[in-house]
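Here are my notes for you, in numbered points. Please keep the model open while you read them.

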Amino acid sequence: FSDIRGFTGISEKMPSQALGYFMNDYLSRMSRIIIRNNGTVDKFIGDAIMAFWGAPKDDPMHAYKAVNAAIQMKAEAEKMTHEFKKRNLPDIQIGIGINTGLMSVGNFGSNERFDYTVMGDNVNMASRLEGANKNYDTTILMSDSTNTIISEDFFCRYIDRVTVKGRKKPIDLFE
């Protein structure tokens, strides 16, 4: 999951047409990064992006590709901020949450409308991690399950041991 920090404030300061151009530019750039790293862009939820790896085709490198995408997305947001300063537009700061684990993948919804998506506790955890960035002044937070897989190839900083909303068992957070 990724989300623009302070989006409400940004949208208040921009006329609706300019906001539309801004969002199309932002979502296009971030989607290209996800797709280039073999991720599936699941959906846009306002300024948030939900993506997943490892489906519909199994990918043993899914955790690495998700982390690579997150690092590239952070760099792209910084590039956008630099470009926008020249046009007197707001800074772009994002939060990203990554979790690794089993989940249900498929077409879910109603009889009238359904989407190919992912569901389950591990999906919810990624969403909670994205939001937790606000508490730690971080950009990319991942669970210990992701860190265990990628820690030999990426330097990750231990942040905290927390119990996220809706769960009883605490997890370790890494940046």
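1. The protein chain has five helices and nine strands. Helices (H or I, at least four residues) and strands (E, at least two) are DSSP runs, numbered from the N terminus. Starting at the N terminus, the order is β-α-α-β-β-α-β-β-β-α-β-α-β-β.

2. A word on where this comes from: the model is predicted, local features need pLDDT of at least 70, side-chain atom pairs count only at pLDDT 80 or more, and totals for chains, interfaces and linings use all residues. Residues are numbered from 1 along each chain as its sequence is written, and side-chain values use heavy atoms, with hydrogens and water left out.

3. Now the overall form. The radius of gyration of the protein chain is 16 Å, which agrees with the value near 16 Å for a compact globule of 175 residues; this radius is taken over C-alpha atoms, and the globule rule is 2.2 Å times the number of residues to the power 0.38. Along the principal axes, the C-alpha atoms fill a box of roughly 45 × 45 × 30 Å. Of the 175 residues, 45% are buried (under 20% relative accessible area, with exposed over 50% and partly exposed in between, using a 1.4 Å probe and protein chains only). Among contacts (heavy atoms within 4.5 Å) with a separation of 6 or more, 56% join residues 24 or more positions apart.

4. Next, have a look at helix 3 (residues 62-86). Its 25 residues reach 37 Å from first C-alpha to last, close to the expected 36 Å; the expected span is 1.5 Å times one less than the number of residues. Its buried residues include Tyr64, Met73, Glu76 and Phe84. The buried residues of helix 3 pack against strand 1 (2-4), helix 2 (16-36), strand 4 (94-98), strand 7 (140-143) and helix 5 (144-150). Just after helix 3 comes Asn88, with a positive phi of about 60°.

5. Asn38 follows helix 2 and has a positive phi, near 60°.

6. Is Ser31 buried or exposed? Ser31, which sits in helix 2, is buried, because its relative accessible area is 10%. Beyond its neighbours within four places in sequence, Ser31 touches Val41 and Phe44.

7. The largest pocket holds about 520 Å³ of space. Of its 30 lining residues, Ala51, Phe52, Trp53, Asn99 and Met103 are the closest to its centre. On a 1 Å grid over the protein atoms alone, a pocket is an open set of points where a 1.4 Å probe fits, with protein on both sides within 12 Å along at least five of seven lines; lining residues have an atom within 4 Å of a point. Grid points are joined across faces, edges and corners, and a volume is the space filled by probe spheres set on the points. Helix 3 gives the largest share of this lining, six residues.

8. To finish, the second largest pocket has about 230 Å³ of space. Among its 13 lining residues, the closest to the centre are Arg5, Gln93, Ile94, Thr138 and Thr139. Here too helix 3 supplies the largest share, four residues.
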